[in-house]
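Please keep the viewer open as you read.

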Amino acid sequence: MNSRTQPLCYPTYAHAKKQLATIEPIDYFFAKEVSTLFSVKQNIDTELLFHLLVALSESLRAGHTCLPMHSVGGVNIGYASDELGVVLHNGYIFPPDSELISFLSNLNIGADAEHPIVFCNNKLYMRRYFSFERDLKNAINAKSDSTMITDSYPESTIAECIHAFFPTSSNNNSEIDWQKIAVANALNKNFSVIAGGPGTGKTYTVTKLLAALVYLHKKESVNVELTTTPLKLKMALVAPTGKAAQRLSESITKALAGFRGEIADEILNEIPTDTLTIHRLLGVIPNSPNFRFNVQNVLNIDVLLIDEVSMVDLAMMTRVFRALPHHCKVILLGDADQLPSVSAGSVLSDIAPRPFIGYSDANLAYLRNTTGESLKNERLSVDKKWQRKNRMPVDYATFLTKSRRFDSEGGIGLLAKSVISGEYDTSWSILNQSNGENQVSHLQHDTMPWLKSLVERYYFPIFSCDGVDEAFSLFSSFRVLCATRVGEQGVDRFNELITQILIERNIVKGSDDFYQGRPIMITENNYIQGLYNGDIGFIWRHESGHLMAVFEDAKHEYKWIMTSKLPSFETVFAMTIHKTQGSEFGHVAMVLPNQKDNKLLSRELLYTGITRAKKHISIATNASVWRQGVETNIQRHSGYADD
């Protein structure tokens, strides 16, 4: 060992665990390896560096992409005591952030240094996440730079297209047609974002946008007098999960059917309805973290549409952009109010920040000219401090706010709006004044009475179905959603309770692991079988007489798999709220923890659960837990907005 090497402050993980309550093995070994690397090269405060690295690793596990110094300066991490106040873990107190900034600046770990960590703009990163963030920002900036767009269409041609596709507005003259704005705003850009909540018409809008792109492409081909048949635009439609991809396919198919007679069939017929997961788009390489398509081997596509972007983490989104050809138009759809991705990053919130401050003068003039809408900038109404921090208008983003699913009087819409706005009193009042007729009901009593009632109403009929198609249809009408996996209010417990109800009523036998009608969810990707984490199916009797697993695809066709060949799976009468992103059900029963100190509680979690319901939401909770959830806002640290 180098004579200058300082001894590690915690020789083993067990020593660290005695001091820091929250440390995990991955935090310890990452901090140990990197701090040892630096202590060999220079005489530094190893103890301070070790704890900064622990905090960095913990922040990544919590979904942050970096560790800002203001978030840890003067903070005690890892402290814990019991209910009587007896100290169990003393934790570690960081010095003020000014000292932390000085300490890290002297390590020479800037963006261009060759170290596993990076210190930039007073934020500490793991290098790979610094690279992800920088590469994604550079890629989006390149696609957003008007000087880089070589295939934009004349403004007059776009105006002609918009008039053809929106001949009359469904709104009155005083109300802006934001769906029209969204289409026009994307037509002259290589990168665009269309954001909005459930029922705001994101898929309807983007389907019309795809049709407009086909229209303009055909018109341009005629103008240049091609002697051969013009090549079709190569479009790829993707989503993060198999279920989200299936819903995207169904929504676009439905939208296309509605456009028949309004838009020429020769245009609509060029819009694909087949969808892929992001993993399948990039081409999975078995037993490898890499993909077949990357910066050296780019995809052969002209237009990429990604739905449910709030679910996509920073690493995956960056890998997508690295694999795109320069000319490819990218269209992102999502709801920024939903839960962010399970892994690190909050991509949609980073690239389409709110409050929306309006468009640049040039883009505003373009939108007025092409749509005929009387647009005005909203920049003057935005908080001045926020405006200074985010002083550049975001021209590529359009926010849809009018929900056609949840009208102004519907309980689900009112509840969702008050929750995401952090309005505890209003949301609690809506929940407690519910009588079951206004789309909302409060489950205030013991679990078993209401659970048995709902299981009898929604799940019992599945076991009487003649065919699996009917079973899938019935299963989409209801789901129990839980905030957590473990505990009395967790998914595992509720799946046990529901199974026990079925056993007590002699619908299934307790000794059977595989029984007709058992709903299952795949919990790992299996590329050989074509099954992916989150795919939902049934155990069902095949026409051969054997019990098999069956899964439904976007075209409502069925894939049968022998039970012996199934990857890891679990029963799915109940599922976590996280797992339901990209799904919808007629009726949802949402179960929250009994204790308000649960770290998963947030307004984004509640909003996501509420908006999975199309017709009715039933919620099991108490006042203190509800308040904690509504008043807790997820804030993920990122350096994306830094200059």
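The sections below cover sheets, a helix pair, cysteines and a few single residues.

## Ground rules

This is a predicted model, in which local features need pLDDT of at least 70 and side-chain atom pairs count only at pLDDT 80 or more, while totals for chains, interfaces and linings use all residues. Residues are numbered from 1 along each chain as its sequence is written, and side-chain values use heavy atoms, with hydrogens and water left out.

## The parallel sheet

Let us start with an open sheet of six strands, paired in parallel and ordered 10-9-11-12-8-13. Strands here are DSSP runs of E with at least two residues, helices are runs of H or I with at least four residues, and both are numbered from the N terminus. Two strands count as paired if DSSP finds at least two bridges between them. At the edges stand strand 10 (276–277) and strand 13, each with a single partner strand, so one side of each has no neighbour in the sheet. Helix 12 (residues 314–322) packs on this sheet and touches strand 8, strand 11 (303–306) and strand 12, where contact means heavy atoms within 4.5 Å. The direction of helix 12 makes about 170 degrees with that of strand 11; axes are lines fitted to C-alpha atoms, for helices over the stretch in contact, and angles run from 0 to 180 degrees between N-to-C directions.

Five bridges link strand 8 in parallel to strand 12 (residues 329–334), with Phe191 opposite Val330. Strand 8 also runs parallel to strand 13, joined by four bridges, and here Gly196 sits opposite Leu400. In a regular strand the side chains alternate between the two faces of the sheet. Both faces of strand 13 (residues 397–400) are covered: Ala397 and Phe399 are buried on one side, and Thr398 and Leu400 are buried on the other. Buried means under 20% relative accessible area, exposed means over 50%, and partly exposed lies in between (1.4 Å probe, protein chains only).

A five-strand open sheet has antiparallel pairing and the order 19-18-17-16-20. Its edge strands, strand 19 (558–562) and strand 20 (569–571), each pair on one side only. From one strand to the next, the twist averages 35 degrees. Within this sheet, strand 17 (residues 536–541) and strand 18 (residues 547–552) run antiparallel and are joined by five bridges. Arg541 stands opposite Leu547 in strand 18.

Glu557 lies in the loop between strand 18 and strand 19 and is partly exposed at 48% relative accessibility. Not counting residues up to four places away in sequence, Glu557 touches Phe551 and Glu552. Glu557 and Asp469 are 88 residues apart in sequence, yet 9.1 Å apart in space, C-alpha to C-alpha.

## A helix pair

The axes of helix 16 (residues 411–420) and helix 21 (residues 603–610) come within 9 Å and cross at roughly 165 degrees. The two helices are therefore roughly antiparallel, a label for angles over 145 degrees; under 35 counts as roughly parallel, 65 to 115 as roughly perpendicular and the rest as oblique.

The crossing is left-handed, which is the case if the near helix is turned anticlockwise from the far one by less than a right angle; clockwise would be right-handed. Ile412, Leu415, Ala416, Val419 and Ile420 in helix 16 meet Arg603, Glu604, Leu606, Tyr607 and Ile610 in helix 21.

## Cysteines

How many disulfides are there? The count is zero, taking a disulfide as a pair of cysteine sulfur atoms within 2.5 Å. For Cys66, the nearest cysteine sulfur is that of Cys120, 9.7 Å away. Cys66 is buried at 0% relative accessibility.

Cys328 is also buried, with a relative accessible area of 0%. The closest cysteine sulfur to that of Cys328 is in Cys161, 19 Å away and too far for a bond.

Most residues other than glycine have a negative phi, and most peptide bonds are trans. Asn121 has a positive phi near 55 degrees; this residue lies in the loop between strand 6 (117–120) and strand 7 (123–126) and is partly exposed at 41%. Asn506 has a positive phi near 60 degrees, lies in the loop between helix 20 (491–504) and strand 16 (519–522), and is exposed at 69%.

Leaving out residues up to four places away in sequence, His217 touches Tyr153, Leu231, Lys232 and Leu233.
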